[in-house]
Amino acid sequence: MSAASRRVFLACLALHLTLIFVVSVHETFWLLKRGVVTIIGVHSSAWESLDRIPETMLGAGGSSSRNLWKIVVATYTNAAGIEVGYGYFAPNIPAASALVFECHYPDGRVEYEKPNLQGEAGQFRVSTLVDQIDRTDYDRWRIALIKLLARSTWKRHPDAVMLRAFFGKISPPTMAEYGAGKREETFTCLYVYDFRRETSESEKPRL
């Protein structure tokens, strides 16, 4: 290997390792600013400010689909398998993302179903996808991902005329509530989308 080739190789390696580091730092700050994990004495706004640096480097702050830097970085990190880095975690039970479909039939009957794939591996992929849906700030991308899951639900409910998707958070009881005897989880709805067979467009989210 020539000296020039060696320099190019080292430069590419350095860039790749830098991206891994930046993605991991962004992952850690994201957990901290969302309150998934907590460091005593540090407010979440501090992590919000610190996260702007890796967020800007990754182009994750903007929502424009014409941001060339964002497209290049997102494409490379996805192809390299480093789009989700290792983040700091602690023994804390955060709220989990949840997606429930409400199936409406012509006779007025209503049934409820969660996204479902056969096998443990399939369920794990669905859970991971639902968590990723929660993390996106781009509404059109969120709708597109939920629409993909809605299509598989249509196949299991061919007679349904409408699917209403409820996306939100499932929170376990707090320590005080658990001590008082509460064991039920709480579902907080964040977005609602309607999908109909006669159209491919969904309604805008209602908060």
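How many salt bridges does a search of the whole structure find? The search finds 10. A salt bridge here is a side-chain nitrogen of Lys or Arg within 4 Å of a carboxyl oxygen of Asp or Glu. We will visit some of them on this tour.

**Before you start**

This is a predicted model: local features need pLDDT of at least 70, side-chain atom pairs count only at pLDDT 80 or more, and totals for chains, interfaces and linings use all residues. Residues are numbered from 1 along each chain as its sequence is written, and side-chain values use heavy atoms, leaving out hydrogens and water.

**Stop 1: the whole chain**

Show the protein chain as a cartoon. Six helices and four strands make it up. Helices (H or I, at least four residues) and strands (E, at least two) are DSSP runs, numbered from the N terminus. Trace the elements from that end: α-α-α-β-β-α-α-β-α-β. Of the 207 residues, 30% are buried. Buried means under 20% relative accessible area, exposed over 50%, and partly exposed in between, with a 1.4 Å probe and protein chains only.

**Stop 2: the sheet**

Select the four strands. They form an open sheet in the order β2-β1-β3-β4, with antiparallel pairing. Two strands pair if DSSP finds at least two bridges between them. The edges are β2 (110-113) and β4 (186-196), and each pairs on one side only. From one strand to the next, the twist averages 25 degrees.

Now select 96-104 and 162-171. These are β1 and β3, paired in the antiparallel sense over nine bridges. Pick L99. Its bridge partner in β3 is F167.

**Stop 3: the helix on the sheet**

Axes are lines fitted to C-alpha atoms, for helices over the stretch in contact, and angles run from 0 to 180 degrees between N-to-C directions.

Check the span of α5. Its 18 residues reach 26 Å from first C-alpha to last, close to the 26 Å expected at 1.5 Å a residue. The expected span is 1.5 Å times one less than the number of residues. Show side chains next. Among the buried residues of α5 are I143, L149 and W154.

**Stop 4**

Side chains of opposite charge can pair when their charged atoms come close. Select K33 and D51. Their side chains meet in a salt bridge, 2.6 Å from N to O. K33 lies in α1 (residues 3-33) and D51 in α2 (residues 44-58), so the pair ties together parts that are 18 residues apart in sequence. K33 is buried, at 15% relative accessibility. D51 is buried too, at 0%.

**Stop 4: R109 and its partners**

Select R109, D107 and E111. R109 forms a salt bridge with D107, with the closest N and O atoms 3.6 Å apart. R109 also meets E111 in a salt bridge, at 2.8 Å, N to O. R109 is partly exposed at 38%. D107 is exposed at 58%. E111 is partly exposed at 29%. Elsewhere, salt bridges that share partners join K33, E48, D51 and E55 into one network.

**Stop 5: the rings**

The structure holds two aromatic pairs. Select Y191 and Y193. Their ring centres are 6.3 Å apart and their planes at 20 degrees, so the pair is stacked. Rings of Phe, Tyr and Trp (its six-membered ring) pair if their centres lie within 6.5 Å; planes under 30 degrees apart count as stacked, over 60 as edge-to-face and the rest as tilted. Y193 is buried, at 0% relative accessibility.
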